[in-house]
Number of protein chains: 2
Amino acid sequence: MKFDLSVRGMRDYYPDIFSQLNYIIRAWKETALAYGFEEFDGPVLETLELYKIKSGEEIVNQLYNFTDKGGRELALRPELTPTLARMVSKVQNQVSKPMKWFSIPRCMRYEKPQKGRLREFFQFNVDILGEEGEMADLEIISVAIDCLLKLGLSKADFVVKINNRDFAAEYFIENGIIKGNTHALYKVIDNARKVKKELTRPAINELGFSVKQEDAIENYLSLSNSSDLAKLSISNTGKESLLDLFSLINNAGLQDYCEFDPTIVRGLDYYTGTVFEIFDRSEKMRAICGGGRYNNLLKEFSGVDLPACGFGMGDVVLGEILSDKGMFPVYQKQVDYFLVRVTDNELELMLRIARSLRSRGLTVEYTYKSLPVKKQMSKASKIPAKKVLIFGADEIARGKLVEKDLSTGEEIEVPVDSLF
Amino acid sequence: MKFDLSVRGMRDYYPDIFSQLNYIIRAWKETALAYGFEEFDGPVLETLELYKIKSGEEIVNQLYNFTDKGGRELALRPELTPTLARMVSKVQNQVSKPMKWFSIPRCMRYEKPQKGRLREFFQFNVDILGEEGEMADLEIISVAIDCLLKLGLSKADFVVKINNRDFAAEYFIENGIIKGNTHALYKVIDNARKVKKELTRPAINELGFSVKQEDAIENYLSLSNSSDLAKLSISNTGKESLLDLFSLINNAGLQDYCEFDPTIVRGLDYYTGTVFEIFDRSEKMRAICGGGRYNNLLKEFSGVDLPACGFGMGDVVLGEILSDKGMFPVYQKQVDYFLVRVTDNELELMLRIARSLRSRGLTVEYTYKSLPVKKQMSKASKIPAKKVLIFGADEIARGKLVEKDLSTGEEIEVPVDSLF
């Protein structure tokens, strides 16, 4: 290429990189399937309108949008939830509830590329639709944990931080902190996790609350685990839901992966109950995953009143963590058999046996050019193939081939018939 | 949804549709891997420039292109070959040849949606780079055939029509039909396959050749198999290459799937030797697959002189054929175990055994709500799950669970310990 035609923030998935992506995707998929979720997908292109419903005009700055040749205002999907809402609204009368759906969409966002953030990424989406209650929330959290375990991570590597939007909202209402301030307040609360403790009070101060209200906010932020929560003298539905969820988390044996964290409020306004984010324990990275309950969102999109919970987990932050920890399997092309022909008289038999072994799911290669046996053998060793099958006229006359195991050097004869 | 926000020509892949797509993709992937190809991918967004290199300005009408917020002229990829060329040019010095790469890119084209053509599709791309010769061409054709066989199609369903661009070009040069006319001529030739025989001569006539030249063109079109080809008194490298390829096709046992067809010339100008297209035998559809050798293309893109051959096979035409023939497996959610709890006292054990079975790759479900056993059993039958595990206090006290096989109705007791 005379000049580099790559697009900023986009990845080229060469075979070694692709195998890492595939490693993540396989773990996602296998976990979701084990939990009984069904896979779906939507198109990469949606109408711009679809994203404005949920996020208003400001979303437009963060996505790739354009007018197509037919005058349609389109956008490359930055996330899957609006597509899910659109699709569900068409079929929700026909399918039994709860719907358990997952997807691994390719998404694009027009955002500044940086550590943990690229302009194209894959995002594991897992959602339960049409089910209220903490058992469904637990299931969602359990899927997220189990796919991280499947990828080789452990409780020393990550933590699920859980809160409840109703609990937060009800707490602040009870303490006379009006609803109108929620957005700015939640920003300070979310930030409290990321900044030094002494910086939070001045930030709260700027919100213009009374000292008593400020104390209540500080008191909220000092809640550090679910026993603190249980001890809280106030009673609200969000708190009860959180305690029920933590009880289920204990039941499922997931307590070592989960903790209550009052700073988790999830910026997006559509969450209604349980909210959670997963972080690497060092918290050097953005969240690995974020999710929760969004009981009103589908109604907003489609008029369909369907409680829902789910999460999104991208491949970029997760990939960096796995890479930093050296947890990706080393990429190695797998070849079961390398076929070596002594002369081209054996070509026909070789080609037919190749197709036969391949149809059994074995990976088979050979050189396309006619080369000396030694050169063919050295190609086989270079890959390395597991076994070499040598097509020599003398053995073939006896109905046999020599099979050499390249790891042990052992040679045996195998009947030609057994290879068809 | 108050109004339908779907984008024209795009598909929503609901779980049943997704399973069909997945059925095709799995066959593609397994076949390519069995042949020793390595998977890669590029981004969906590329620079518009990249597509103009190969196809000039006219390509712009057929693709989704736009200027991004940073002023970059971008396009959604309509095909993978330019991306392949771009990626290969960066690494071709470091990797051993031949490179055997495959990909299943999601592509978008701004074309009129119709039977066999949508604006978003998946395309199986298989390429061998850095290898001359008919053995590589055979390998590519063999991959295409074997994935169709894996999908359940047979020689009664499809045929690979093969030609050679050098043969055609050399034939027409030898017969004094100048090169400048190639494009219009090839269009008539390609069309000869699709129209009634009596319509071809007038079309040839319009090209402005002499009667002798017209006869030569008709003579070319009358070649109907490889023995006709062998009998041709002229000798040219394309003809020899075709005969060699057909000899290899016989060697590999693929003669029933392949035939020589002089009308296959592949519209795109970059093909150099072997060209082929695969059709359903009824020829009611567009080509299932098209490919061939393109020895000069990579040089044009990157200055790298690398002979290459490959094909592209989309999911849309193929999906319609499989659908018409009723060859897609019926979509059925697979659940290995449905867990039934007699009371919520057994919830903890149930949740833990669920995670344990799931970590073994088994699909496990249960109701989120606490329901009477009868209702839980009826949910299990409705899916239907293969087996039900019943969590009852009495059996658990003896360290056992009742396991019921829903297909036979047989009940056995299994030790709780065996499930961890």
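Mentor: Start with a definition: buried means under 20% relative accessible area, exposed means over 50%, and partly exposed is what lies in between. Keep in mind that this is a predicted model.

Trainee: Why is A:Glu283 called partly exposed?

Mentor: Its relative accessible area is 33%.

Trainee: Where is A:Glu283 found?

Mentor: In chain A, in the loop between strand S10 (274–280) and strand S11 (289–293).

Trainee: What makes the phi of A:Glu283 worth a remark?

Mentor: Phi is near 55 degrees, a positive value, and the residue is not glycine. Chain B has an entry of this kind too: phi of B:Glu283 is near 50 degrees, again positive in a residue other than glycine.

Trainee: Why is B:Glu283 called partly exposed, and where does it lie?

Mentor: Its relative accessible area is 35%, so B:Glu283 counts as partly exposed. B:Glu283 lies in the loop between S10 and strand S11 (289–293) of chain B.

Trainee: Why does A:Lys284 count as exposed?

Mentor: The relative accessibility of A:Lys284 is 73%. Exposed means over 50%. A:Lys284 therefore counts as exposed. Its place is in the loop between S10 and S11 of chain A. From A:Lys284 to A:Gly9 there are 275 residues in sequence and 21 Å in space, C-alpha to C-alpha.

Trainee: What about B:Ile278: buried or exposed, and how do you know?

Mentor: Its relative accessibility is 0%, so B:Ile278 counts as buried. The cut-off for buried is under 20%. B:Ile278 sits in strand S10 (residues 274–280) of chain B.

Trainee: Which residues is B:Ile278 in contact with, leaving aside neighbours within four places in sequence?

Mentor: Contact means heavy atoms within 4.5 Å. With those neighbours set aside, B:Ile278 is in contact with B:Ala144, B:Leu148, B:Phe158, B:Val159, B:Val160, B:Ala287, B:Ile288 and B:Cys289. For a distance, take B:Val91: it is 187 residues from B:Ile278 in sequence and 32 Å in space, C-alpha to C-alpha.

Trainee: Why is B:Leu207 put in the middle class?

Mentor: Its relative accessible area is 21%, so B:Leu207 is partly exposed. Buried would need a value under 20%. B:Leu207 lies in the loop between helix H7 (200–205) and helix H8 (211–221) of chain B. Leaving aside neighbours within four places in sequence, B:Leu207 is in contact with B:Ala184, B:Leu185 and B:Val188. B:Phe391 is 184 residues from B:Leu207 in sequence and 81 Å in space, C-alpha to C-alpha.

Trainee: What sets chain A against a compact globule?

Mentor: The radius of gyration. A compact globule of 420 residues would have a value near 22 Å, but chain A has 28 Å. The C-alpha trace of chain A spans about 95 × 55 × 50 Å along its principal axes. Of its 420 residues, 58% count as buried. The secondary structure of chain A comes to 15 helices and 17 strands.

Trainee: How are H5(A) and H10(A) arranged?

Mentor: The axes of helix H5 (residues 165–174) of chain A and helix H10 (residues 237–251) of chain A come within 7 Å and cross at roughly 145 degrees. The crossing is left-handed. H5(A) brings A:Asp166, A:Phe167 and A:Glu170 to the contact, and H10(A) brings A:Thr237, A:Gly238, A:Lys239 and A:Leu242. These residues divide into 2 nonpolar, 2 polar and 3 charged.

Trainee: Where are cis peptide bonds in chain A?

Mentor: One joins A:Lys97 and A:Pro98, with omega about -10 degrees. A:Pro98 is in the loop between helix H3 (81–91) and strand S5 (99–103) of chain A. Another joins A:Ile383 and A:Pro384, with omega about -10 degrees. A:Pro384 is in the loop between helix H14 (373–382) and strand S15 (387–391) of chain A.

Methods:
Residues numbered from 1 in each chain as written. Chains lettered and ligands numbered in written order. Predicted model: local features only at pLDDT ≥ 70, side-chain atom pairs only at ≥ 80, totals over all residues. Heavy atoms only, no water. Axes fitted to C-alpha atoms, helices over the stretch in contact; angles between N-to-C directions. Helix = DSSP H or I, 4+ residues; strand = E, 2+ residues; numbered from the N terminus. Left-handed = near helix turned anticlockwise from the far one by under 90°. Nonpolar A, V, L, I, M, F, W, Y, C, P; charged D, E, K, R; others polar. Rg over C-alpha atoms; globule rule 2.2 N^0.38 Å. Buried < 20%, exposed > 50% of the residue type's maximum accessible area, 1.4 Å probe, protein only.
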